[in-house]
2 protein chains.
Amino acid sequence: MADASSTAKYEALHNGIEPPSFKLPLIDNPEIVTANTLKLVEQTPDARKRFLFTTLTRYLHDFIKETKPTTEEWHGTLKFLSRAGQLSTPDRQEMELILDIFGAEALIDTINNPPKDSVTERALLGPFFTEHTHDVSNGDSIASEGKGEYMYVDGRVVDTEGKPIANAVVDAWEADDTGHYDLQYDNGVPDCRGRLRTDAEGKFNFRAIVPIAYPLLSDGPLGELLLAMNRHNMRPSHLHIIVDAPGYEKLVTQFYPSEDKWIDSDSVLGVKKSLVVDLEQVNDVESAKALGFQHPERGFKLFKRDIVMRRKVDA
Amino acid sequence: MADASSTAKYEALHNGIEPPSFKLPLIDNPEIVTANTLKLVEQTPDARKRFLFTTLTRYLHDFIKETKPTTEEWHGTLKFLSRAGQLSTPDRQEMELILDIFGAEALIDTINNPPKDSVTERALLGPFFTEHTHDVSNGDSIASEGKGEYMYVDGRVVDTEGKPIANAVVDAWEADDTGHYDLQYDNGVPDCRGRLRTDAEGKFNFRAIVPIAYPLLSDGPLGELLLAMNRHNMRPSHLHIIVDAPGYEKLVTQFYPSEDKWIDSDSVLGVKKSLVVDLEQVNDVESAKALGFQHPERGFKLFKRDIVMRRKVDA
């Protein structure tokens, strides 16, 4: 019997599953590796998982056969993925972003959520949403003075028949003129962020700033990969909006000013055509003054956009 | 200007790369996602990397189009991969093993290293090699008494023309009858592990024990995946051997007793047909006594196998 000084450091335990009932040929060429793997993977009891795992096996093996990675390339890839996993936290989606620069999430999203009726399309929530916001009224500003170029957001929330939705909650947040969200500062003060409600005609409007494009955090594998591809690490500027109204599906989306130079080459391919908004330059000082801008002589950009909500289907 | 209390917590920096010189269409269907991703990835300057990245993009997108993962499935997969990365350390190859149960390393190895001439095939080094071993002489035992069923290893190291290679260093190590390596115990004493040299006729022989199959550490994503596939988590029993001789390519390999019940369903598909060895049961007490087994009445298993080395090609 083993004494304390010779106890195994960790116990890897047999999972209780016996060898398969069928006999597999011993491996002496690549085709047998593929055939054996498929036979092993096909044991998956759940039909959906079996489909996913066998399909993954076929694609993985075809990829390897086509690209013939060297052992060094393969082990380099495994290390790269392990580092990405190690950097992944609730605040930093390193693994997710690495697949996103290959278009994964964008593709899944456009397949699963094709544009339908006139309903406003969805976009990612992103890591910078928080309930710690300012409650504002229509016409108020969500940005403190000096945070960037003036923008006025003016829209209506309507249903698919164009009828206004009153009292819908609109959450908006955006990066400031240095490309940072309030959450990225230490002071804990909400800024460039606000929550308001639509009026009886479904209207919402608030002062804000023109959001600024910002880079993805690129001091890890993601950054190395983008450099290896000679690709920039920018996300085009955008305004985050969530609209929530009883009886309607909650809408999480982002709107992208068309004037942004990164608009068509978003590093994560997240920009949807229908979410691009043309900003209108307004230089009329009286209008700017009437809307409450502190320096009306600077003019402002008008962001005008209605939002169409989908009625909830009863479960 | 930002003061100390409002300094951004971390600085994500633009990597200095400008938008591509070409204009990309805005996305409103899956085909545009794929086309845009390919155009972005094709910017990779290095030809080999460009080939790998564009091929990966094609396979990834085809896989997504064929399987149509839900958002939940996709995010579940990303979490799974992140956890695998977080568990990956020099002592635990969680990420690597997850791909290995899909046959990845086995496939890459059989493609890159097809059996050639009569040279003994390679196998993985594995995580349990150490220089901290016993130096033994031919005929000695590498296992302390009581570690398992007796085995006698008897072979020759030869070149591709069958000529003996004298004075080659043979390193051998194996799991004991509980399926553990010495390194997995706390006592720091080498056991079931030894190093010896071939004699003038290229012969090496030593007493050992019949190695025992053991499970992969399965308390993480790897274990969950094998369970989901209804697959066991065992590696068939094997004897690790490294042979090193001046003028020859160092050989790192493993030999697999054919009698093991897991031999054809290795969870990482690592068994090569040419490395499978039939053990011969010897019940002759006099032979066992002559070889030095402490309990010759128990008999032993004879592991007989020559090893063929490839001459180094001058650089």
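Colleague: Why are A:Arg83 and A:Glu224 called a salt bridge?

Modeller: This is a predicted model, and in it the side chains of A:Arg83 and A:Glu224 come to 2.6 Å, N to O. The cut-off is 4 Å between a side-chain nitrogen of Lys or Arg and a carboxyl oxygen of Asp or Glu, so the pair qualifies. A:Arg83 lies in helix α3 of chain A and A:Glu224 in helix α6 of chain A, 141 residues apart, so the pair links distant parts of the chain.

Colleague: Why are A:Arg83 and A:Glu224 each called partly exposed?

Modeller: A:Arg83 has a relative accessible area of 34%, and A:Glu224 has 38% relative accessibility.

Colleague: What makes A:Glu131 exposed?

Modeller: The relative accessibility of A:Glu131 is 54%, and the limit is over 50%, so A:Glu131 counts as exposed. A:Glu131 also forms a salt bridge with A:Arg195, with the closest N and O atoms 2.7 Å apart. A:Glu131 sits in the loop between α5 and β1 of chain A, while A:Arg195 is in strand β4 of chain A, 64 residues apart.

Colleague: How do you know that B:Glu31 and B:Lys65 form a salt bridge?

Modeller: Their closest N and O atoms are 3.4 Å apart, and the limit is 4 Å, so the pair passes. B:Glu31 belongs to helix α1 of chain B and B:Lys65 to helix α2 of chain B, 34 residues apart. B:Glu31, at 49% relative accessible area, is partly exposed, as is B:Lys65 at 21%. Elsewhere, A:Asp117, A:Arg122, A:Glu249 and A:Arg310 are joined into one network by salt bridges that share partners. Over all chains the count is 47 salt bridges.

Colleague: Which salt bridge does B:Glu18 form, and how many salt bridges cross the interface of chain A and chain B?

Modeller: B:Glu18 pairs with A:Lys261, the closest N and O atoms being 2.8 Å apart. The rule finds 8 salt bridges across the interface of chain A and chain B, along with 36 residue pairs in polar contact, both at pLDDT 80 or more. Among the elements that give two or more residues to the chain A side are α1, α3 and α6 of chain A. The largest share of that side, 18 residues, comes from α2(A). By class, the chain A side has 55 nonpolar, 32 polar and 22 charged residues.

Colleague: What area is buried between chain A and chain B?

Modeller: About 10,200 Å², of which carbon and sulfur atoms give 65%. In chain A, A:Tyr59, A:Phe102 and A:Asp264 lose the most area to chain B, together 7% of what that side buries. The contact takes 109 residues from chain A and 109 residues from chain B.

Colleague: Why is B:His238 called buried?

Modeller: Its relative accessible area is 2%, and buried means under 20%, so B:His238 is buried. B:His238 is placed in the loop between β7 and β8 of chain B.

Colleague: What makes B:His238 and B:Tyr181 a polar contact?

Modeller: Their side chains meet at 3.2 Å, and the distance limit is 3.5 Å, so the pair falls within that limit. The side chain of B:His238 also reaches the backbone oxygen of B:Pro236 at 2.7 Å. Beyond its neighbours within four places in sequence, B:His238 is in contact with residues including B:Glu174, B:Tyr214 and B:Phe255.

Conventions: Residues are numbered from 1 along each chain as its sequence is written. Chains are lettered from A and ligands numbered from 1 in the order in which they are written. This is a predicted model: local features need pLDDT of at least 70, side-chain atom pairs count only at pLDDT 80 or more; totals for chains, interfaces and linings use all residues. Side-chain values use heavy atoms; hydrogens and water are left out. Contact means heavy atoms within 4.5 Å. Buried area is the accessible area (1.4 Å probe) that two parts lose on being put together, summed over both. A polar contact is a pair of N or O atoms within 3.5 Å; within protein, one must be able to donate a hydrogen and the other to accept it, and residues adjacent in sequence count only if both atoms are side-chain atoms. Helices (H or I, at least four residues) and strands (E, at least two) are DSSP runs, numbered from the N terminus. Ala, Val, Leu, Ile, Met, Phe, Trp, Tyr, Cys and Pro count as nonpolar, Asp, Glu, Lys and Arg as charged, and the others, Gly among them, as polar. Buried means under 20% relative accessible area, exposed over 50%, partly exposed in between (1.4 Å probe, protein chains only).
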